[in-house]
Amino acid sequence: MGAIQLQTEHRDHWHPEFRRFFRPMVCFILMLLITAASLPLQARNLSVQVDEPRQSLAGHVRYLMTDVDTELAEVLRRPASEWQQAPDDINLGYHQQTHWFLISVTNAVAEHLDHYLELGYPMLDSVAFYQVRQDEIIHAVETGDARPFGSRAIEHRNFIFPVSMPAGSTTSIYLRVQTEGALQVPLMLWQEDAFHAASERALTLQSMFYGILLVMAAFNLFLYFSFRERAYLYYVLIVTSTLGLMTGLSGFAFQYVYPELPGVHHALILTIVPFSQFAMCLFAREFLELEDLHPGWSRIFLAMMAAALLCMAGALILDYGLSTRLSVLLAIPVALINLWAGIHLWLQGDHNAKLFSVAWLALLTGSLLTVLNKLGVLGSSVLTEHGIPIGASTQAVLFSFALADRFNRQRDAYLQEKQNSLDAMEQQREAERALHHASTHHELTGLPNRTIFERVTEAALRQNPELETGIFLLHLKNFDDVNKTLGHKQADTLLQDFAQRLNGLLSRQGGALPLDAYDHRFFCVSHVEGVSFAFTVQGSDQQAILARIDALVDQFSKPLEFKGLALELGLVFGCSFASETEREPQVLLRQAFIAFDQTVFGDGNLPVYAPEMNPYSPRRLTLMTELREALRTEGLTLHFQPQIHLMTSRVAGFEALIRWQHPEHGFVPPDEFIPMAEQTGLIKPVTRWVLNEALLFCTRLDEAGCDATVSINISAVNLREPGFCEDVCALLKKNRVAAQRLVLEVTETAAMLDPILSLQALRALRAADVRVSIDDFGTGHSSLSYIRKLPVNEIKIDRSFVMEMDRNKGDATIVRTTVNMCHDLGYEVVAEGVENENIQTLLKTLGCDLIQGYHIARPMSSDAALAWLAVTSWSKTRTPVTG
């Protein structure tokens with residue numbers, strides 16, 4: 001390649017004998033040389049050669065500082081003595097004055113040349129290009145990054161100007177530059193083909209690198225949405241801010257993203273540096289877990305983040321130069337503090353800080369080089385001009401490695417923790433399934449109980465309303481004789497055999513409704529109570545269903561072979577069919593029981609319920625009216641059954657039980673008139689009457705020197721009443737009874753009818769210090785997770801699990817499991833249905849808290865209860881309870 005021919009001044013060489021001079025003379029001459037070297041040199045013309053693809057203009061540029069409104073004509077009149085030699089690296093720092101730059105180019109060949117002049121710094125507000133030959137303007141261009149991108153002579157991220165040079169001519173090029181930022185004017189003269197080739201290579205490399213950054217951002221964004229780890233999100237902010245910084249400073253974004261929006265370009269350049277610093281501090285605070293592990297460092301980083309946000313806000317009100325200075329200068333303390341924190345934590349053994357520190361060292365180095373370049377201390381080079389982008393890119397890559405390293409180390413711990421959690425959840429689910437199965441299936445036969453039967457039948461009635469649905473009841477009339485003859489153990493085995501045989505026959509019978517599946521077995525029969533079983537059959541015709549079951553009656557009724565004996569169990573049947581007016585499984589099952597009551601044993605008939613069979617209907621019609629009168633005339637009474645604290649042998653409380661002695665019908669059980677009260681709206685005054693009477697009894701207990709609690713049952717309707725808690729509190733205040741002395745009992749089923757309202761009411765009662773108890777626990781179908789959320793104090797185990805627990809291992813298992821579970825959840829446990837000393841002893845061994853039942857005392861009137869209290873061997877003073 002041909003060399004650029006420069007016009008140079010002749011300089012004599014020093015005489016070789018100079019080396020003999022004394023040392024002071026040497027120092028003197030060296031000082032002269034240094035002084036001479038510092039004097040400005042005259043700019044030399046650049047002689048263009050054809051075979052040079054590009055030629056640097058270093059040493060060939062002069063500059064002049066003028067006012068903002070100085071025109072080219074005035075500049076042309078300025079004497080040559082006012083022009084100063086520009087340094088080889090034109091970086092004049094922050095100057096808002098207008099600078100003119102002059103380059104003289106000579107075409108030394110005998111042909112016309114067309115070249116490009118490249119000003120390689122795209123961050124200049126205003127650039128004017130003038131090509132002058134013999135004081136005549138040949139070509140002029142007004143551009144700059146404060147103007148739309150379309151104002152440029154050549155569409156390029158840098159400022160490119162075409163230079164036309166006739167053979168043997170000398171052209172003067174004047175550049176007028178004015179900017180609020182750093183005044184850098186790197187100039188290069190290119191052949192057109194060489195420039196386009198080099199520009200395409202640079203663009204390709206830039207695009208590849210920007211694409212890599214975008215892929216890194218997208219991948220870490222995917223990781224964030226996968227793991228919800230905020231460090232990945234903050235890393236995405238770092239990568240995107242780095243990408244914005246590099247594309248902004250290089251002019252790439254201005255050219256391809258918003259070419260007609262110089263204001264956006266201006267705002268991006270001002271805000272991207274402080275935003276990247278904010279993102280880096282945010283990432284560091286999260287990545288190093290400073291908030292949890294190092295709160296002191298966390299506060300320092302919060303202060304740096306606030307400073308970065310202030311710089312971003314200042315970019316909107318401060319001038320460009322001051323704003324960029326502040327942003328660039330802020331990078332130094334941000335980098336130093338991050339590096340300092342990383343090294344400090346690294347030395348303390350924090351593995352996360354290792355690559356973090358190296359990454360910040362890379363950015364700190366790049367930031368220092370850029371700051372010193374912007375301030376004019378260091379000359380322009382690839383490292384000084386692009387120090388922050390290069391350092392930030394290196395930092396982003398190292399942060400990516402750091403995140404990957406952290407991910408690899410956390411993965412095993414995370415997976416292990418997840419596995420432990422899954423194991424614990426599976427164990428909990430198994431326990432819940434086992435407990436749920438035990439509470440919804442008969443322990444002895446394994447058949448679904450009444451709860452499952454009613455739930456599945458209700459669903460079938462709702463899903464297939466066009467089908468005839470019959471509910472069949474089967475009772476073993478002679479099983480009590482078998483029990484007494486063979487003993488409980490043998491009778492239990494016989495009952496299991498019969499249940500399997502019955503379920504097998506029905507499972508093979510078309511139309512029988514499957515109730516449940518467990519352990520690869522299907523169940524069509526429900527063990528509803530004692531030795532009574534029920535099943536549901538659906539079909540298109542009622543008579544066809546009856547004929548089908550009639551055909552099976554003989555098989556059901558055949559004597560059962562058991563250990564060499566042919567045992568006649570004495571089957572009795574009852575049946576009811578769903579109608580348009582009645583499709584509730586509970587009612588249909590009750591109707592089947594009514595039909596069963598009409599059965600004459602041994603006649604082989606299959607009685608079907610008819611309304612005339614129901615002896616209760618007329619009675620209930622009259623009772624609905626007479627219940628209101630009984631409430632008004634005090635025809636209702638309360639009986640009280642004591643509750644005993646097992647560990648201390650003290651009277652802990654009394655359960656208030658409502659009684660109605662009808663003048664015509666005699667004793668009317670609560671199970672009959674309470675549902676009627678709920679249906680007619682009388683349940684509210686009935687409950688208020690029971691509450692008032694129970695609290696009056698409580699005051700009588702105080703007079704007798706007994707501080708026992710009084711429990712009453714409340715309905716699901718009460719839980720849905722607005723102001724129910726306020727009414728309870730008012731009655732407590734009226735009777736001067738402490739809230740802790742009152743226990744309100746609600747069944748699982750009642751609490752589940754409207755879970756939201758029930759939970760609100762129970763929480764209000766609990767907040768008022770009224771104790772709440774779950775009654776008949778184990779017979780409902782609520783979930784354990786819901787029961788655990790209820791604000792209750794005690795759990796009352798249903799009598800059906802207690803009465804035979806001394807003879808039935810299944811019942812004993814359910815009671816033991818319930819006691820342990822309730823104690824683990826912080827509840828007291830009450831067992832009702834204690835009928836003998838053996839059950840009391842067994843419950844005490846299991847750790848049950850309170851018991852009640854006929855073994856202690858039957859329900860009594862208030863006077864009888866007080867009389868019993870006066871003579872009982874149980875202590876009057878109640879043991880304080882908690883929970």
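Visitor: At the start of helix 16, which residue has a backbone nitrogen that a side-chain oxygen of Asp541 reaches to within 3.1 Å?
Guide: This is a predicted model, in which local features need pLDDT of at least 70, side-chain atom pairs count only at pLDDT 80 or more, and totals for chains, interfaces and linings use all residues. Residues are numbered from 1 along each chain as its sequence is written, and side-chain values use heavy atoms, with hydrogens and water left out. Helices (H or I, at least four residues) and strands (E, at least two) are DSSP runs, numbered from the N terminus. At the start of helix 16, the side-chain oxygen of Asp541 comes to within 3.1 Å of the backbone nitrogen of Gln543.

Visitor: Which helix do the buried residues of helix 16 pack against?
Guide: In helix 16, Ile545, Leu546, Ile549, Leu552, Val553 and Phe556 are buried; buried means under 20% relative accessible area, exposed over 50% and partly exposed in between (1.4 Å probe, protein chains only). These buried residues pack against strand 14 (468–476), strand 18 (532–539) and strand 21 (571–577), and also against helix 15 (488–507).

Visitor: Why do the buried residues of helix 19 line one face of the helix?
Guide: In helix 19, residues 670–680, the buried residues are Glu672, Phe673, Met676 and Ala677. They line one face because, seen down the axis of helix 19, they fall within an arc of 120 degrees, the arc being that of the directions from the helix axis to the C-beta atoms. On the other side of helix 19, Asp671 and Gln679 are exposed.

Visitor: With which side chain does the side chain of Thr66 make a polar contact?
Guide: Thr66 has its place in strand 3, residues 61–66, and it is buried because its relative accessible area is 5%. A polar contact is a pair of N or O atoms within 3.5 Å; within protein, one must be able to donate a hydrogen and the other to accept it, and residues adjacent in sequence count only if both atoms are side-chain atoms. At 3.2 Å, the partner of the Thr66 side chain is the side chain of Trp100.

Visitor: Is Gln277 buried or exposed?
Guide: Gln277 is found in helix 6, residues 262–287. Not counting residues up to four places away in sequence, Gln277 touches Ala308, Ser327, Leu330, Ala331 and Val334, where contact means heavy atoms within 4.5 Å. Because its relative accessibility is 4%, Gln277 counts as buried.

Visitor: What is the phi of Arg736, which is not a glycine?
Guide: Most residues other than glycine have a negative phi. Arg736 lies in the loop between helix 22 (724–735) and strand 26 (742–747), and it counts as exposed because its relative accessible area is 78%. Although Arg736 is not a glycine, its phi is positive, at about 55 degrees.

Visitor: What percentage of the residues in the chain are buried?
Guide: The secondary structure of the chain comes to 29 helices and 31 strands. Of the 883 residues in the chain, the buried ones make up 50%.
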